[in-house]
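Please have the structure open as you read.

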Amino acid sequence: MRDLLALTENPDVISFAGGLPAPELFDLDGLRRSFDAALREPAGLQYSTSEGNPALREFIADRYTAHGLPTTRDEILVTTGSQQALSLLAMTLLDPGDTVFVERPSYLAALQAFTLAGARIVSVPMGVDGVDLHALRVLAEEHRPKLMYTVPTFQNPTGTSLDVANREGLAALATAYGFRIVEDEPYRELRYSGDPLPYLAAFSNEHVITVGSFSKVLAPGLRLGWIRTRGDIHSTVVVTKQAADLHTSTVDQAAAAHYLSSGGLETALDRIRAAYGERRDAMLAALPSTLPAGSTWSTPDGGMFVWATMPSQYDSTRQLTAAIEQSVAYVPGAPFYPDRPDASTMRLSFTTYEPATIREGLRRLERSFARP
């Protein structure tokens, strides 16, 4: 799979494979000014605390509070991207053999982090409104998990979201069975339709740890994420962070704090949401004439991905070779399953290209389906 996806680096290939923000939407001028400001003082190049830049943590905490989840700066730990946040939590919370529940399908890099920690991963079926709560209760009785991992809003890979009742029910089960929830929210700000949804932590603050990232709304190269920790684990997570890399890049944090405090985020979000909404619509409009008859797909209100399921005779991993021969690529769905993969599924990202290129890419994909 890695060998096949490496071929997508060819500039002639239209790749729907990576969850890549559109580079032309990066605010180069604004970020350049913020880096200039960060470098006016030697502190921007000095060692710093493991917890992170105080002004950046304050901004993150205030944004949570404004969105209905009261948070203080002392609850925020800045990480080197949200991927490190997941790794730190896995190292802090899990012992080898502990059970972790994940959605079926789930984010591949989270599965890797939990596997490296020696966890036993159990997938929970998903329903129309989110997690199958009845199945979750049965599985919780049987396995007594240490934690559950979820991407509740515009999930990677499916693009779907848990509705309000599902979030409340999930939090109630975590409280009843004593497991923690890690809610990963990297796509939350990328909403193009529908109403905002509450954080899972709003329903069970003591049982939910929230992870976030600036990768999708500022730039992934900054490698800035965070953990909204709980009091009983905060100091342990900080020590784990200190052992991992001492602290996240000081200058990147300082530049981000300057950019955000100057009001850059809302302007960036307006630009990104408008562009990505059009790109999502272009992909959804073209899929009926692209995929084989009988296929289904998600219709996300935001995020970066559409999840498609083809008829059972199609194997998306095998089909990828034919797609690349047509100079188009996607991610087969099988790697997103910790067990019993559905080979007929695929993930398509719509954020990287303008609508005309998306339509051309899907025409190429249509040609690859000459035979299953």
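**Notes on the cavities**

1. The lining of the second largest cavity is made up of eleven nonpolar, one polar and three charged residues. Here Ala, Val, Leu, Ile, Met, Phe, Trp, Tyr, Cys and Pro count as nonpolar, Asp, Glu, Lys and Arg as charged, and the others, Gly among them, as polar. The volume of this second largest cavity is about 80 Å³.

2. A word on the basis: this is a predicted model, where local features need pLDDT of at least 70, side-chain atom pairs count only at pLDDT 80 or more, and totals for chains, interfaces and linings use all residues. Residues are numbered from 1 along each chain as its sequence is written, and side-chain values use heavy atoms, with hydrogens and water left out.

3. Of the 15 residues lining the second largest cavity, Leu25, Phe26, Val217, Leu218 and Ile272 lie nearest its centre. Helix α10 (residues 264-290) gives the largest share of that lining, four residues. Helices (H or I, at least four residues) and strands (E, at least two) are DSSP runs, numbered from the N terminus.

4. In total, the structure holds two cavities of 30 Å³ or more. A cavity is a set of points on a 1 Å grid over the protein atoms alone where a 1.4 Å probe fits but cannot get out, and lining residues have an atom within 4 Å of a point. Points are joined across faces, edges and corners, and a volume is the space filled by probe spheres set on them.

5. The largest cavity has a volume of about 210 Å³. Its lining has 17 residues, with Arg63, Glu189, Tyr199, Ser213 and Trp226 nearest the centre. Two or more lining residues come from each of α3 (54-66) and β9 (208-213).

How values were computed. On a 1 Å grid over the protein atoms alone, a cavity is a set of points where a 1.4 Å probe fits but cannot get out, and a pocket is an open set with protein on both sides within 12 Å along at least five of seven lines; lining residues have an atom within 4 Å of a point.
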